[in-house]
Amino acid sequence: MRIEESEGVSASRKHLVFAYYVTGHGFGHATRVVEVVRNLILAGHDVHVVTGAPDFVFTSEIQSPRLFIRKVLLDCGAVQADALTVDRLASLEKYSETAVKPRESILATEVEWLNTIKADLVVSDVVPVACRAAAEAGIRSVCVTNFSWDFIYAEYVMAAGNHHRSIVWQIAEDYSHCEFLIRLPGYCPMPAFRDVIDVPLVVRRLHKSRKEIRKELAIGEDVKVVILNFGGQPSGWRLKEEFLPPGWLCLVCGASDTQELPPNFIKLAKDAYTPDVMAASDCMLGKIGYGTVSEALAYKLPFVFVRRDYFNEEPFLRNMLEYYQGGVEMIRRDLLTGHWKPYLERAISLKPCYEGGINGGEVAAHIIQETAIGKNYASDKLSGARRLRDAIVLGYQLQRVPGRDILVPEWYANAATELSKSTGSLTVQAVEGGPLMSSYIEDFEILHGDLQGLPDTMSFLKSMAELDAINEYEKNSEKRQMRERKAAAGLFIWEEDIYVARAPGRLDVMGGIADYSGSLVLQLPTREACHVAVQRNDPSKHKLWKHAQARQNAKGQGPTPVLQIVSCGLKLYSSMFLHSSFPSQLMPLITNLCQSNRRTKANRNHYRSTLVYTYSFKYHSYVHIFYQVSYGSELSNRSPTFDMDLSDFLEDGKPMAYEKANKYFAQDPSQKWAAYVAGTILVLMKELGVRFEDSISMLVSSAVPEGKGVSSSASVEVASMSAIAAAHGLSISPRDIALLSQKVENHIVGAPCGVMDQMTSACGEADKLLAMVCQPAEVIGLVEIPSHIRFWGIDSGIRHSVGGADYGSVRIGAFMGRKIIKSLASDVVSKSSDFSNGFIHDELEDDGVALLEAEASLDYLCNLTPHRFEALYAKMLPETLLGQEFLDRYIDHSDPVTVIDTNRKYVVRAPATHPIYENFRVKNFKALLTSATSDDQLTALGELLYQCHYSYSACGLGTDGTDRLVRMVQEMQHSSKSKSEGGTLYGAKITGGGSGGTVCVIGRNSLCSSQQILEVQQKYKVATGYLPFIFEGSSPGAGKFGYLRIRRR
């Protein structure tokens, strides 16, 4: 439901009492509450505001005896480490202290207070416990907000640990007691609310004109003014006169009394009325929040903003701001170093175009009044137990899945706001195969390379051609475009050569985390891939972004080599190739999937380009569907662009140390992703001595989904390395590309992965398993997949990260185990006459001594056979060991990419056991693939997958989601239907680094098996609310693809 206009809040025939709870998260909530409260009081009602905000926020706008302020803080919002960074763990811990531990006393106090003031309605923005207290007091409640705390904290739980996840569940349950939501523009997904009413922007009214404010501040009309507004918090850095262009003034909000300012900076009073000051300014510099964005749009004030870390509501507000041409993003390092001029000058050239309603406070007050009188806005079918059930299911989904991977429910998508047309409802564009396959010939001249019939590469080139068209159109049009689209469109000189590389992800069939212990692994390159386009230009010809140009001008050195990167989703065309023999019985499932994806993913405006669903058959009857996605940035608040002077990689004329590069990219979390791409340049400098004399432009677009354990990071690294090498005429073998890319991830990104991901992405071939011994990276061949066998990947929806604590601790445990085994063997060899450890004398003679000597210098755990391990070492390994205790005994664990935490207790025996047995399982798996075709063959292959899965769990890398998928496969395998079909699915295992991600399934290559995979997908959605991504099919690695050299026709 949407309400756009209101005739005002007419005086009620009944005097009402409202209890209005305000969250403790910043001033933005309090300032918008002011406008709603003001209208309620004008209608003759009493309003009791429960808040932790200063009184002046309310009393400066409302002077009435009907306003009552009760200073109580019932939640804490997000705890900020500084003005731009949220401390996620501290936020959860403080919420626990503020709202969880004293919950019973809070509820008792609030119920008693609500009854004392005889409240007719409870309004919450957006304090969870207020809704529960209202329910216990027998009072109806509504919420007014653009985000909810279950959504915000869900992402924090992923980083801080699942021991905090009950917070998300409790918040979702509290919100379920709310009758309906009054939803503000720029909203996030809010799964706990089923009944929604959309209202216009809520903004504070102006008290004085621009002329009056400037006169009071003694500022002439010809002076350019920027207001520095960081939400009432001191900015924390020293402001300097040279930060501003000549003739400009800066009005500073929230400066401390002791802060000294340069003469061109003016300190505003703490109680200054910000809307008036904004209206008197030419632009604003600050951080995004609802209050700043809504008032900037309302008063058409250009807004220069800096991204904040882990403010999960920010991407939605930013998209709204940029859609209405009101925003300019400033890079954090330019904010801190005072490189403001190009951004301010760009801002004053904007023409903000928001023309929507700004009377949301009045509209919301009218709805609140009518609800208190007795009007029912809620839908009966979505109330009560059903709301609670959905809140819990979706609360589970949110706390297990990062925000950018959630499926937005249908009921959320149905009530679109004025933002809907801009924030990217996913749409399917059916395009015939022929035109798509031939269109690239019209768009680009291919000077080198072959597309190899890959539809995603054709689509990538088609999308690049459209960027060129956008670039031309922008020169003569005022059409609104998202900022990353503009940046991508202007990235290249289209008349010059562009180099394109492609690298797939990988499905871990066998081997997984045993790679860093030297195991044999079997890996399948995925159909989904990353494309990187690179162009090198002489610095004098390079098209620089304005802030980069201004930075060079400030140095006064003339043109120097610059790196510019755009990471964005490109339009991917849907295409259907349906052979006449396509099985009709599968069409209802396909149709249902397509409709489900279209319906439930509307408003996911924060996605990278993603293959939503892929379905294929080996005998060329296949369907694959690409969805168009918007250019909006992800919920992780990742900046879509990155630039740097290539000289930043040099220290005294030499490439900087990897440790310094890691810190360089970590200083701005919104641009940390660039380490995967730009890091390839530093590695080439250090490892191969490459000198980069030209500027470099890079466009990165990946269809390999992140966080699903299919090596999205490796595909980006390998594609980037390959494209840069091609553009600079470097002849590097696929194996070396992989090893160099691993250095990027290990040393610059700082993730302790093995090499199998990069090797598969670089050296793999379509429909073949790459067989590799990871000592360190020896490809021993490609294994043909028998025609009767097929592999699938099913995403659990639980985010996987090789940089996560679980993966790293298991790796450390394995290396600890290796060090202990070496020490035990060395002790026996050096004291061959000492039999106190139970070793048999015969073993110390001849070959036995040689074996022990080899084990005393063991390079890889996988070189130890299972029988030797069980006979001599298994019982000698401790189950767990404290980090400090290990270091005291063994000095170090000899792993260059992980660091032992002295205060942490590590599991040792299970992580050390896993790779020894996994190597044995992989060898058997490889041998079985070439054995005679039989049901026993498939059963044995499936059993090896199951054993691997449970070994992961023993290491602590299992999850309820991946376990659920494996159980579903087992149920399918043992069902009477499967047996009657002669067997369909035979085994499944968690993949890659574990702790979520994707499950690999093996089955018979048949229609029945494919149907069962789709049934598992649907059953998992019913159970968890999450529709898994299905990985199926394969494609060539970067080495087999080579590279394209193209030029625009």
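Tutor: Start with the rule for a pair. Rings of Phe, Tyr and Trp, the last taken by its six-membered ring, pair if their centres lie within 6.5 Å. Planes under 30 degrees apart count as stacked, those over 60 as edge-to-face, and the rest as tilted. The model is predicted, and by this rule it has 24 aromatic pairs.

Take Phe-265 and Trp-340 as a worked case. Their ring centres are 6.1 Å apart and their planes stand at 70°, so this pair is edge-to-face. Phe-265 belongs to strand E12 (residues 265–267), while Trp-340 is in the loop between helix H12 (332–337) and helix H13 (341–347), so the pair ties together parts that are 75 residues apart in sequence. Phe-265 and Trp-340 are both buried.

Tyr-664 and Phe-665 make another edge-to-face pair, with 5.3 Å from centre to centre and 85° between the planes. Buried means under 20% relative accessible area. Tyr-664 has 16% relative accessibility, so it counts as buried. Phe-665 is also buried, because its relative accessible area is 3%.

Rings can also gather in a group. Tyr-95, Phe-147, Trp-149, Tyr-153 and Tyr-156 form one aromatic cluster.

The charged end of Arg-32 sits over the ring of Tyr-290, at 4.8 Å from the ring centre. Over the ring of Phe-444 sits the charged end of Arg-1048, 5.5 Å from the centre.

Phe-444 and Arg-1048 lead on to the strands. Strand E16 covers residues 444–448, and strand E35 covers residues 1044–1048. Strand E17 (residues 498–510) is mostly covered, with 13 of its 13 residues buried. E17 is also joined to strand E18 (residues 520–537) by ten bridges, and these two strands run antiparallel. The bridge partner of Pro-504 in E18 is Ala-529.

Another part of the chain holds an open sheet of seven strands with parallel pairing, in the order E3-E2-E1-E6-E7-E8-E9. Its edge strands are E3 (67–71) and E9 (196–198), each of which pairs on one side only. From one strand to the next, the twist averages 20°. Within this sheet, strand E1 (residues 17–22) and strand E2 (residues 46–51) pair over five bridges in the parallel sense. Tyr-21 stands opposite Val-50 in E2. Helix H14 (residues 360–373) lies across E1, E6, strand E7 (141–145), strand E8 (180–183) and E9, and it runs at about 165° to E8.

Some backbone details deserve a look too. Asp-125 and Val-126 are joined by a cis peptide bond, with omega about -15°. Val-126 is in the loop between strand E6 (121–125) and helix H5 (128–136). A cis bond also runs from Gln-775 to Pro-776, where omega is near -5°. Pro-776 is in the loop between strand E27 (768–773) and strand E28 (778–784).

Gln-452 is not a glycine, yet its phi is positive, at about 55°. Gln-452 is found in the loop between strand E16 (444–448) and helix H18 (455–474). With a relative accessible area of 34%, Gln-452 is partly exposed. Ser-894 is not a glycine either and has a positive phi of about 60°. The loop that holds Ser-894 runs between helix H30 (883–890) and strand E31 (905–907). Its relative accessibility is 38%, so Ser-894 counts as partly exposed.

Last, the chain as a whole. The protein chain has 36 helices and 35 strands. Of its 1049 residues, 63% are buried. The accessible surface comes to about 37,500 Å², and 50% of that belongs to carbon and sulfur atoms. Among contacts between residues at least 6 apart in sequence, 75% join residues at least 24 apart. The pair of Phe-265 and Trp-340, taken as the worked case, ties together parts that are 75 residues apart in sequence.

Technical notes:
Residues are numbered from 1 along each chain as its sequence is written. This is a predicted model: local features need pLDDT of at least 70, side-chain atom pairs count only at pLDDT 80 or more; totals for chains, interfaces and linings use all residues. Side-chain values use heavy atoms; hydrogens and water are left out. Helices (H or I, at least four residues) and strands (E, at least two) are DSSP runs, numbered from the N terminus. Buried means under 20% relative accessible area, exposed over 50%, partly exposed in between (1.4 Å probe, protein chains only). A charge sits over a ring if NZ of Lys or CZ of Arg is within 6 Å of the ring centre and within 35 degrees of the ring normal. Contact means heavy atoms within 4.5 Å. Accessible areas come from the Shrake-Rupley method with a 1.4 Å probe; for residues, only the protein chains shown count as cover. Two strands pair if DSSP finds at least two bridges between them. Axes are lines fitted to C-alpha atoms, for helices over the stretch in contact, and angles run from 0 to 180 degrees between N-to-C directions.
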